[in-house]
Amino acid sequence: MKRDPLLGRYALISPAAILIFVFMLLPMLLMALMSWLEPGQFGGVKWSSYTPEAYVKFLFDRDLSDVLVFNTDYLSIFSRSFQLALVTTLLTLLVAFPVAFYIALQTPKHRTWLMLLITIPFWTNLLVRTYAWILLLRNGGLIDSSLHGLGIVNSPINLMYTPIAVQIGLVYAFLPFMVLPIYTSLEKLDWRLLEAAYDLYANRWQTMRRIVIPLAAPGMVAGCILVFVPALGTFFIPELLGGAKTLMIGNLIQQQFGVSRNWPFGAALSFALLAVVLIFMLIYALRFRGKGSLT
Amino acid sequence: MINPRNPLWRYWSLGVLMVVFFAFLYVPIIVLIVLSFNQNQTATIWTAFSFDWYKTVLENPNILRAAQNSLIVAAVATVASTVFATMAAVGMAGKTFKAQNAFNGLVGLPLLVPEIVTAVASLLFFLAIGLELGLTTVIIAHVVFCIPFAYLPIRARLEGLDPKLLEAASDLYARPWQAFARVTLPLLLPGIVSGAMLAFITSMDDFVITFFVAGAGATTLPVYIFGMIRTGISPEVNAISTLLFAASLLFVMVSFFISQKK
């Protein structure tokens, strides 16, 4: 009895493949389709009435006489999201690189403990960690009351519900995501390269710039993607820390399935977000092919 | 190996940064924990130590039901995703074939797509195929996004296995399934355990996707906590958040000591 040896392997892979295909890939295709439909009266969509309205709505408003007027409201939410996500990525990179470098300089035993300290917040619920910042940032919270106690300020600091609060929340949430991949690429660093650099009269800065940073680059790029993508799509961090004034793409999408009841617009926004992420991935894949991976 | 005592590797400013870094990481969590033991009703002013809020939380039937839902979902999602991920990892090991790239792409999908996009797409899909939102839809969504988390450690472990061991088994007349049960599986077990743990914690922690596909009856713990936070801070939220942190801490510690033993 001879049979194709591949058959068994296909059979082993297929349950996972089929599940992800049916419940992840198909839904995304459906979402793309729905973004071209007309919204129903109370949520939902009108099947088989196609319109580009959801994409038009992103840039234009219809006034009373049905004339399209350029509207930058949604555009400004998109640009704010990009700005917040970008600043988050840069700040986390700036902090995480020296931290990862420091950890890589320790003895193996020390390293394990330090990494454990970074892993604990990494696996703590993000909602819980965001909530903790409300306790610190709000008026009468820890920061406010200690500044008052020291006599530095006299009026409430009003930090909550500002872009700064959202920015702090984002950096706090995604900092461990940046440290872990950079540490992974520095962990196996050949320190003899640095000694060689010093032997050749390189100073610390030159060694850093010419040796350590290039070798850590794959980890840095992976970290940037691991931070940028979820930061761009986040919705409960601005919801809880930013209030109604600091909306991000995620909030806008969520609203379309809640109060606004415009599913096609929500689908179009999600699709736009997905497209942006896929473009970043493509650049990553083309630029850093084979130089270390995300996972 | 480097000698950390070598003055070449001394950057004292980095030491200062580390202190600031860990303070930034842990001060909010410590404040949360301290305030959860605060007797005072106004959540941020300390008066006296008490367990009152933990009692309130543990007597709240809604929280208990949400916790129960979370555990049911996480248990089913962990078992199902770990089984499927183990099968897939075993199927992917060995000689390369064409469909492997397609599967690698598929399995990376839940990791790369922003959560909110997955959430929206799943919601629209469930409604379009007429599946009522509830525990079933939550479980399906969780099984799917837990597969990659279970898959990656198992695959990594499998790649590190010595193929000679399997050859030896077949030299000794073991049938393929015997070789799998007696050689591959025991060696794979640490990978399976860490994969299952990753899947479990990912499922327990998920908020965004669950929030979209849960419907009214299937509130999980994170979704319930979100509702509580939205209505304002309260000592009850402090207590339940601390409990959740303690659970994560326990989990990380257990997996840490398992990995130390290997």
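Me: Which pattern does chain B follow, read along the sequence?

Reply: This is a predicted model, where local features need pLDDT of at least 70, side-chain atom pairs count only at pLDDT 80 or more, and totals for chains, interfaces and linings use all residues. Residues are numbered from 1 along each chain as its sequence is written, while chains are lettered from A and ligands numbered from 1 in the order in which they are written. Helices (H or I, at least four residues) and strands (E, at least two) are DSSP runs, numbered from the N terminus. Chain B has eleven helices and zero strands, and its pattern reads α-α-α-α-α-α-α-α-α-α-α.

Me: What is the radius of gyration of chain B?

Reply: It's taken over C-alpha atoms, and the globule rule is 2.2 Å times the number of residues to the power 0.38. For 262 residues that rule gives 18 Å, and chain B is well over that, so it is more spread out than a compact globule, with a radius of gyration of 23 Å.

Me: And chain A, what radius of gyration does it have?

Reply: Chain A carries twelve helices and four strands, and its C-alpha trace spans about 85 × 75 × 35 Å along the principal axes. A compact globule of 295 residues would come out near 19 Å, but chain A has 24 Å.

Me: Is His142(B) buried or exposed?

Reply: His142(B) sits in helix α6 (residues 135-159) of chain B. The cut-offs are 20 or more other C-beta atoms within 10 Å of its own for buried, 12 or fewer for exposed, and partly exposed in between, with C-beta atoms placed from the backbone. His142(B) has 26 other C-beta atoms within 10 Å, so it is buried.

Me: Which residues is His142(B) in contact with, leaving aside its neighbours within four places in sequence?

Reply: Contact here needs C-beta atoms, placed from the backbone, within 7 Å. On that basis, and beyond those neighbours, the partners of His142(B) are Val73(B), Ala77(B), Ser203(B) and Asp206(B).

Me: Which helix gives the largest share of the side of chain A that touches chain B?

Reply: The contact takes in 67 residues from chain A and 68 residues from chain B. On the chain A side, 19 residues, the largest share, come from residues 5-34, that is, helix α1 of chain A.

Me: How do the residues of the contact of α1(A) with α4(B) divide by class?

Reply: Ala, Val, Leu, Ile, Met, Phe, Trp, Tyr, Cys and Pro count as nonpolar, Asp, Glu, Lys and Arg as charged, and the others, Gly among them, as polar. From α1(A) come Ile13(A), Ala16(A), Ala17(A), Ile20(A), Phe21(A), Met24(A) and Leu25(A), meeting Phe103(B), Leu106(B), Val107(B), Leu109(B) and Pro110(B) of α4(B). They divide into twelve nonpolar, no polar and no charged.

Me: How is α11(A) oriented against α12(A)?

Reply: Axes are lines fitted to C-alpha atoms, for helices over the stretch in contact, and angles run from 0 to 180 degrees between N-to-C directions. Under 35 degrees counts as roughly parallel, over 145 as roughly antiparallel, 65 to 115 as roughly perpendicular and the rest as oblique. Helix α11 (residues 249-257) of chain A packs against helix α12 (residues 263-287) of chain A at about 155°, with their axes 7 Å apart. That angle makes α11(A), relative to α12(A), roughly antiparallel.

Technical notes. Two residues are in contact if their C-beta atoms, placed from the backbone, lie within 7 Å.
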